[in-house]
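Have a look at the structure first, then read on.

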Amino acid sequence: MAIGPADHPLVVAFYLPQFHPVPENDAWWGQGFTEWTNVVTAQPLFDGHYQPHLPGALGFYDLRLPEVRAHQAAIASAHGIDGFLYYHYWFGGRRVLDRPFDEVRRTGHPQFPFALCWANENWTRAWDAGQHEVLLEQSYGPEERAEHLAYLVDAFADERYLRIDGRPLFAIYRVGALPDATGFVAELRTAALAAGVGDPYIIKFDTHGNFEDPATTGCDAAAQFFPHGTTEIGLEDHRLPLGNPANLVISYDDVVATLRQQPVPAWTRYECVTPGWDNTARRGDGRSLVVHGSVPEVYETWLREVVQRAGDRTDLGPGIVFVNAWNEWAEGAHLEPDARWGDAFLRATARAVRGHEPVASTVSLPSPATAPPTANFEELYGPLYARYVDLQRRLSAVDLAAQRRLEHAVGSLQAELREEQALTARLAAALSGGGQPD
């Protein structure tokens with residue numbers, strides 16, 4: 001699907017696939033865990049705090065259902081979204097949360113453009129990509145890279161894959177975490193060109209303190225990824241005295257005003273807008289960022305300005321606008337209808353991008369493009385799945401136990417080293433004074 005500059009910049013929404021159970025999450029968080037598990041446990045932390053974020057027209061959906069994926073694509077397309085940017089998880093050859101995208105590829109439905117963003121960060125129990133209690137760790141060996149490149153090139157060949165001037169769009173969430181980012185980017189280009197799918201248009205997101213020129217790693221462009229950069233652009237100075245002071249609560253109006261005033265760099269950097277942000281459902285009280293007071297009208301004005309700027313800046317390449325996000329429900333960032341606003345943010349998106357709302361209603365669920373399988377999953381795979389979950393749970397327990405033992409051993413060695421250093425210091429002092437050590 002040849003996608004490029006048209007009558008408006010390309011509007012692409014981030015898409016989270018964590019709305020179906022997988023063995024890894026069953027093992028780590030409990031049987032049947034999905035993103036909805038986090039969503040429904042959220043509680044308001046101060047007066048006027050909008051929590052929990054509960055779904056509207058689409059309900060508590062399961063992304064294994066083709067009807068759900070078809071409905072998402074239908075309402076996105078009707079409201080000015082040109083494609084989904086699927087988060088892609090690759091842990092040294094091991095993929096997770098891959099079923100929705102794989103079924104979109106395999107079935108050919110829905111006929112809605114997409115691209116991939118490599119979410120290359122560790123999975124941890126703290127939902128923070130840190131180094132403590134790592135559940136799945138990123139690794140970047142040469143054999144794993146070759147396998148990864150082959151997978152990406154195959155995805156680029158799909159006729160629905162988003163293209164910028166004929167080049168498949170690929171995004172890297174955390175380019176600074178790659179031990180050889182320049183090498184990875186160069187090898188991806190070589191592999192894609194050799195396969196005849198075109199030179200990838202590679203975007204690095206400005207995350208985790210890396211706001212540098214994308215050319216330093218061989219990427220074509222950069223893009224904002226709010227809430228990354230909150231500290232760097234001074235938003236912490238707008239802290240609101242609401243709830244637990246260990247959380248950072250800022251107003252949506254301040255976020256929009258501050259981001260609208262950011263200077264334009266010398267390189268191509270795409271803007272990112274968000275209908276809201278509140279990750280208390282994931283991070284809990286005391287470790288969260290809450291963007292308070294988001295309303296469709298302010299979001300619409302912001303998005304319209306960004307779309308206009310993207311269309312005007314043809315000197316820096318094709319126009320793209322990112323929206324964070326289509327369905328980040330546990331982070332309070334979703335265009336999908338919710339119980340509070342209904343489809344107001346969707347309609348605001350349509351007005352900002354196309355100048356008008358959809359003519360026809362998109363509320364009713366369309367029929368699936370392909371019939372769902374009739375085989376009984378429990379009969380065929382139930383025992384095998386149960387064994388797999390048990391194995392994941394045991395492996396997770398072994399990994400965490402080993403990690404704790406290692407931390408304890410390192411702590412003990414550091415304590416011994418401190419004792420040795422203290423003894424050496426006393427000995428040196430005694431010898432220099434002609435006396436005997438204690």
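A charge counts as sitting over a ring if NZ of Lys or CZ of Arg is within 6 Å of the ring centre and within 35 degrees of the ring normal. Here, Arg340 lies over the face of Tyr50, 4.7 Å from the ring centre. Keep in mind that this is a predicted model.

**Ring pairs overall**
- You'll find 30 aromatic pairs in the structure.

**Phe14 and Tyr87**
- The ring centres of Phe14 and Tyr87 are 6.1 Å apart and the planes meet at 45°, so this pair goes down as tilted.
- Phe14 belongs to strand S1 (residues 10-15) and Tyr87 to strand S2 (residues 83-88), so the pair ties together parts that are 73 residues apart in sequence.
- Buried means under 20% relative accessible area, so Phe14, at 1% relative accessibility, counts as buried.
- Tyr87 is buried too, with a relative accessible area of 9%.

**Trp36 and Phe60**
- With ring centres 5.2 Å apart and planes at 80°, Trp36 and Phe60 make an edge-to-face pair.
- Trp36 sits in helix H2 (residues 35-39), while Phe60 is in the loop between H2 and helix H3 (66-78), so the pair ties together parts that are 24 residues apart in sequence.
- Trp36 has 7% relative accessibility, so it counts as buried.

**A ring cluster**
- Ring pairs also join up into a cluster made of Tyr15, Phe84, Tyr86, Phe101, Phe112, Phe114, Phe156, Tyr161, Phe170 and Trp326.

Note on methods:
Residues numbered from 1 in each chain as written. Predicted model: local features only at pLDDT ≥ 70, side-chain atom pairs only at ≥ 80, totals over all residues. Heavy atoms only, no water. Phe/Tyr/Trp six-rings, centres within 6.5 Å; stacked < 30°, edge-to-face > 60°. Helix = DSSP H or I, 4+ residues; strand = E, 2+ residues; numbered from the N terminus. Buried < 20%, exposed > 50% of the residue type's maximum accessible area, 1.4 Å probe, protein only.
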